[in-house]
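User: Hi, I'm new to this one. Can you walk me through it?

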Amino acid sequence: MAARAATLFLSLALPWAARSGVIPAPAEVIPGVGSFNVGPGTVIQVPRGDRDASAAAHYLVELWTRTNALELPISTAVANSGTANADSIAFRRRRGLGPEAYELDVAPQRITVSASSAAGLFYGAVTLWQLLPPGSATGRIAAQSIHDAPVYAWRGLMLDSARHMQSPAFIRSMIDWMAWHKLNVLHWHLTDDQGWRLEIRKYPRLTSVGAWRVEPNGERYGGFYSQDEVRDIVRFAATRHVQIVPEIDMPGHATAAIAAYPTLSSGTATPRVSANWGVLNHLFNVEPETFRFLDDVLAEVVDLFPSPIIHIGGDEAVKDEWQASPQVRARERELGFQNPDALQAYFTQRIGTYLATRGRRIIGWDEILQPGLRKDAVIMSWHGVSGAQLAAAAGHDAVLAPDPGLYFDHRQSTLPNEPPGRLRVLSLEDVYRFAPQDPAQSDRERAHVLGLQANLWTEHMQTEERVQWMALPRAAALAEVGWSPAARRRWPDFLERLVPQFARYRAFGLNYADSAFAPAAQISSTSDGISLTLSAQVDAVSFGDIRYTLDGTQPSAESSRYSAPLTLPQGTLIRAATFLGSEQASRPWEKRLDARAVLRRDSHDLEPCSDGIGLLLLAGGNQSRPLAVDIMNPCWMDRGIDLSKGPRIIAAVAPLPFNYEIGADAAKIRVGDARTPQGELEIHVDGCGTPALAFLPLAAAADAPGVTTLPPQRLPALSGRHDLCLRFARPRLNPMWALDWVEIGE
Ligand code: TNX
C-alpha cells in the first residue's frame with residue numbers, strides 16, 4: 001500500500017510521466033511551467049539542407065499521422081538560426097552531444113529538438129511523438145526540458161529466421177518498432193540446422209536445397225531472403241538507425257549448409273535439412289576448401305551488410321563428428337592441437353582473420369571465448385552472464401544475452417492463451433528487473449560491456465503474430481533497461497507508461513501480449529454455487545483494478561471493481577478486464593461458469609511432475625491452445641481430488657511428434673512400458689510411484705492427428721482426497737503423448 005501511495009504521488013508530481021508514456025524513460029527530465037498546444041496549426045521547422053533533421057521531422061510526421069491522425073507540415077524556410085514562428089517545433093543541430101544523445105525543450109510557444117547526430121535527432125523525434133498521448137489530433141505537451149542519452153550502446157534483439165522464417169515486410173515492421181523503442185541492433189540469425197535463409201550467389205544450393213525441409217507432418221517448409229530483399233531491408237534499417245548484425249552460424253548449427261554441399265561435412269552420411277529441434281551433431285570440417293567456402297560466403301555477407309561486426313555463431317558445437325573423423329583428426333594433429341576445443345578456437349581464428357581483412361570484427365556466442373582469441377572479438381554471453389564476465393576480465397567487449405533472463409522464447413505467464421514456447425515463465429517484470437550492472441566488476445571490465453540483447457528463438461514461434469506476442473511488450477522493458485539510468489527505472493511507473501504504449505501497438509497493428517495485466521481465474525464449487533477468484537500478474541489489486549460485468553456487457557472503467565472472491569450461480573457469464581484508472585490495460589476476458597468450468601483442468605492448470613524440458617506445444621489438427629508438457633517426462637499432477645464416490649474420469653489427449661535431438665539424454669526418457677500396442681494414460685494415486693489405479697488405452701486416439709477425448713472410466717472409490725499422477729506409458733519415443741485436459745467427478 002505504501003508503494004502505491006508513492007506511485008500516485010509521483011505521477012501527480014510529474015504529470016508527464018503518467019500521461020506521455022515515453023519508453024524508455026529519458027535520462028533527465030526537468031519540469032517547466034505551462035504547456036505547448038499541438039494541433040493541426042503547428043508547424044515543424046528544419047534547417048535548410050539538413051537531411052538528417054528533415055528525416056527526423058518526417059518520421060515525427062509519419063508517427064503522429066499513424067497514432068493521432070495529425071499530419072503536420074514541414075517547413076525549411078527558416079535556417080539554423082535562433083528565430084522562428086510561434087507554435088513551432090524546430091529541429092536544430094548542436095555541437096557537443098553524444099552519438100545518440102538529444103535535448104528536447106518544450107516551452108509554451110515552441111518546442112526545440114537538438115542533437116549533434118542523425119541518431120540523436122531521430123530519437124528526439126521519437127520522444128516528442130510519445131509526449132503526445134495517442135489518439136487525439138490535438139493535445140497539450142507539458143513544458144519540460146529533457147536531456148537524454150543511452151546507458152548502453154548495444155540495445156538489441158535477435159530474430160531467428162532459420163527455424164521459422166518471417167516475411168521481409170515483417171522484418172521491416174520489426175525494425176520500425178524497435179526504432180521507436182530506441183533499440184538499435186537487430187541480430188539476424190540467418191542460418192541453422194533447419195534452414196539457410198540468405199541467398200549466396202556463388203553457392204545457389206545453399207538456398208535451393210538448404211532453405212527447405214520436410215516437417216514431421218510431411219509438409220515442405222522453407223524460403224529465403226534474396227540479396228535484393230536484404231539490401232532493401234538494410235537500407236530501411238539505416239533510416240531507423242538500426243544496425244543489422246547478420247549471423248552465419250559455424251562450425252555447428254550447420255546442417256542445412258552441409259545438406260546442400262556434402263563436401264563441407266565432417267560426418268560420414270550426408271544429412272538432410274533438419275526438422276528436429278535441439279542440438280545436432282553435424283559440424284563443418286576443417287579442410288582448406290571449407291574455409292574457402294566460408295570466406296566466399298562471408299565476402300557476400302560483408303557486401304550486403306555494412307555492420308562493422310559480423311556474428312559467426314560458435315555455439316553448441318558438439319565435437320562427436322570431429323572426434324570420429326579420421327580426416328579431422330589428421331588435420332588436428334597436423335596443426336598441432338591436442339583437443340577439439342582447440343580446433344574450434346583455430347576455426348574461429350581463421351574466420352576472424354579473414355573478416356579482419358574485410359575490415360570487420362567478429363562476434364560469437366560465449367563458446368568462442370578460448371585461449372588465443374583475437375582481442376577485438378566480441379563475446380555474446382548466453383550461458384547466463386558468466387560469458388560476459390569472463391570476456392570482460394580477459395579484455396574482450398561483451399554483450400549480455402543470457403538464458404533464461406533475456407530469452408524471449410519462454411512464455412510470459414501461466415495463462416492458457418500463451419502461444420507455444422518454453423514452459424518456464426519469463427514475465428515482463430522479470431525482464432524489467434534484469435540487472436545489467438555487475439557490482440563485482442571493475443570500471444575497466446564494465447566498460448567492456450557494450451550492452452544487452454534479448455533473443456527470439458523461433459522453434460516454437462511458427463507465425464509472425466506469435467513472434468510479436470513473444471517480443472512485445474517485453475522488448476519495451478528491455479529497451480528501458482538498456483537505455484535508462486537505473487535511478488530512472490521504476491516498475492509501477494513503467495506500467496503506467498505502458499498503457500499508452502499499448503495504444504501505439506494497436507495503431508501499428510502489433511499483436512502484443514497483455515499477459516502482465518490479463519485477468520486469471522481460479523474456480524471451485526461450493527455449496528452456494530461457484531466460487532471465483534480473480535488475479536493478475538501485476539497484482540492488480542494493489543496496482544490497478546480488475547473490473548467485471550455479469551450481464552454479458554463488456555467491462556468498462558465504471559464496471560464493478562473486483563476486490564474479493566465472488567460466489568456466483570452456475571451458468572453465469574463473467575467478463576472482466578484490468579484497468580489503470582480509466583484506461584483499459586488488458587484485453588477483455590470472459591468465462592461461462594458452467595459445470596465444465598469447475599470440473600475441467602487443462603495441462604496449464606496441472607503441475608508438471610518434473611522439470612526436464614518443459615514446452616508449450618501445439619497438437620496437430622488446427623488446435624489453437626498449446627499443451628504444456630515436459631518432453632522428458634509427459635506427466636502431470638492433479639492435486640486434492642475427492643475419490644470417495646469412485647468418480648468418473650474423462651481425459652483428452654493428443655499425439656505429438658518427438659522431433660528433438662537431445663543426445664544421450666534421450667536414454668533417460670521412459671518408454672517401452674506400455675501394456676497395449678499404442679500405450680495408455682496411467683492414473684496413479686498419491687504420487688507416481690504407486691501401482692496404476694487405472695489406465696486409459698490410447699488406441700482410440702492413435703489415428704487422429706489432433707486432440708481425442710478418450711472413453712470415460714470410473715476410478716475405484718477411495719476415502720478422502722488424493723493427489724493423482726497422470727502419466728503416459730508408451731511403446732516407443734515417437735509419438736510422444738500429451739494431456740490436453742482432464743475432468744474427474746460425478
Ligand atoms: C540454444 S542460445 C541455442 C539455440 C536454441 C535455443 C533455444 C544458443 C546460442 N543456442 O540454438 O534455439 O537454445 O532456447
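This is a predicted model: local features need pLDDT of at least 70, side-chain atom pairs count only at pLDDT 80 or more; totals for chains, interfaces and linings use all residues.

User: Which domains is the chain divided into?

Analyst: Domain 1 (28–148), domain 2 (190–224 + 244–366), domain 3 (520–593) and domain 4 (600–745); the bounds come from an automatic or database domain assignment.

User: What separates the centres of domain 2 and domain 3?

Analyst: 52 Å, taken over C-alpha atoms.

User: What volume does the largest pocket have?

Analyst: About 1800 Å³. A pocket here is an open set of points on a 1 Å grid over the protein atoms alone, where a 1.4 Å probe fits, with protein on both sides within 12 Å along at least five of seven lines; lining residues have an atom within 4 Å of a point. The volume is the space filled by probe spheres set on the points, which are joined across faces, edges and corners.

User: And where does it lie?

Analyst: Domain 3 and domain 4 both give residues to its lining, so the pocket lies between them.

User: Which residues are closest to its centre?

Analyst: Of the 50 lining residues, Ile-523, Ala-597, Val-598, Arg-600 and Arg-601.

User: New topic: what's the strand order in the open sheet of five strands?

Analyst: β32-β35-β42-β38-β39, paired antiparallel. Strands are DSSP runs (E, at least two residues), numbered from the N terminus, and two of them pair if DSSP finds at least two bridges between them. The edges are β32 (607–608) and β39 (694–697).

How values were computed:
Residues are numbered from 1 along each chain as its sequence is written. Side-chain values use heavy atoms; hydrogens and water are left out. Helices (H or I, at least four residues) and strands (E, at least two) are DSSP runs, numbered from the N terminus.
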